[in-house]
Amino acid sequence: MSATLMRTAPVLRAAARASGAVKPMAMASTSFVRGKATLPDLSYDYGALEPHISGKIMELHHKKHHQTYVTGLNSALETIGEAESKGDFTKAASVAPLLNFHGGGHLNHSLFWENLAPASRDGGGEPSGSLKKAIGEDFGSFDTLRKQMNTALAGIQGSGWAWLVKDKQSGTLGVVTRANQDPVTGNFVPLLGIDAWEHAYYLQYENRKAEYFEAIWNVVNWKTVASRFDKS
Ligand SMILES: [Fe+2]
């Protein structure tokens, strides 16, 4: 395996584990299972997050934008597989940026959908239990966390994401941003991601992205965030 593939493969395995969105296909050999990314289903209707996020945005975001990352990821993996089979590691390495972009896009969105829930169900409010305690210790208060996330989101130039993360070594929480579709990797476990790409809000909020960053807290699924926190 090339150095590039050695670096990217763990990201994809993490994506598969985190999202459950990569399904095993035919067994290529007794020691290697080739996987193909698929678009995960949502656990709520497209219109269920209204009025905070419109059904039209959710439908386009999921069906079109996320699907593009899934298709791009599978295409990149196929190209890498073919290059590897020919021993053409230069070709394989040249696909690394596409693998990062589409693989990251698939992972980020798979986590994002699970981060959301209708306000009438599990969406909104504040976290409880061990996550609430950790937020209090590391941010001072839930409101401070919200403000830090929104400041981080507002500071993203171009496209990207803000994430509430847990540092695996120290166990502490923090807020980080990632440009484009760069995934959260390394020591950080992504707990809550907010998509700051224009495709996530423009149809409804146009250039008033600060309104979108305020509104999305009404549909954050804290049960999912708490579950990721407790398991990490
Ligand atoms: Fe997005």
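**Note on the predicted model**

1. In strand E4, Thr177 is the bridge partner of Ala162. Strand E3 (residues 160–167) and strand E4 (residues 173–179) run antiparallel and are joined by seven bridges; two strands pair if DSSP finds at least two bridges between them. The two strands form a hairpin with five residues between them, and Gly171 in the turn has a positive phi of about 80°.

2. This is a predicted model, in which local features need pLDDT of at least 70 and side-chain atom pairs count only at pLDDT 80 or more, while totals for chains, interfaces and linings use all residues. Residues are numbered from 1 along each chain as its sequence is written.

3. Confidence is given as pLDDT (the predictor's confidence in each residue, from 0 to 100). The chain averages 89, and 85% of the residues score at least 70. Over residues 1–33 the pLDDT is below 50, yet this stretch has 48 contacts in the model beyond near neighbours in sequence. Where pLDDT is low, the predicted coordinates should not be read in detail.

4. The chain has nine helices and five strands, in the order α-β-β-α-α-α-α-α-β-β-β-α-α-α from the N terminus. Helices (H or I, at least four residues) and strands (E, at least two) are DSSP runs, numbered from the N terminus.

5. Of the 232 residues, 34% count as buried (20 or more other C-beta atoms within 10 Å of the residue's own; exposed means 12 or fewer, partly exposed in between, with C-beta atoms placed from the backbone). Among contacts between residues at least 6 apart in sequence, 66% join residues at least 24 apart; two residues are in contact if their C-beta atoms, placed from the backbone, lie within 7 Å.

6. Asp45 lies in the loop between strand E2 (32–37) and helix H2 (55–85). Asp45 counts as exposed because it has 12 C-beta neighbours inside 10 Å. The C-alpha atoms of Asp45 and Pro118 are separated by 9.0 Å, although the two are 73 residues apart along the chain.

7. Helix H5 (residues 129–139) packs against helix H9 (residues 222–231) at an angle of about 80°, with the axes 8 Å apart. Axes are lines fitted to C-alpha atoms, for helices over the stretch in contact, and angles run from 0 to 180 degrees between N-to-C directions. H5 and H9 are therefore roughly perpendicular (65 to 115 degrees). Gly129, Ser130, Leu131 and Ala134 in H5 meet Val225, Ala226, Phe229 and Asp230 in H9. By class, this contact has five nonpolar, two polar and one charged residues (nonpolar: Ala, Val, Leu, Ile, Met, Phe, Trp, Tyr, Cys and Pro; charged: Asp, Glu, Lys and Arg; polar: the others, Gly among them).

Note on methods: Parallel < 35°, antiparallel > 145°, perpendicular 65-115°, else oblique.
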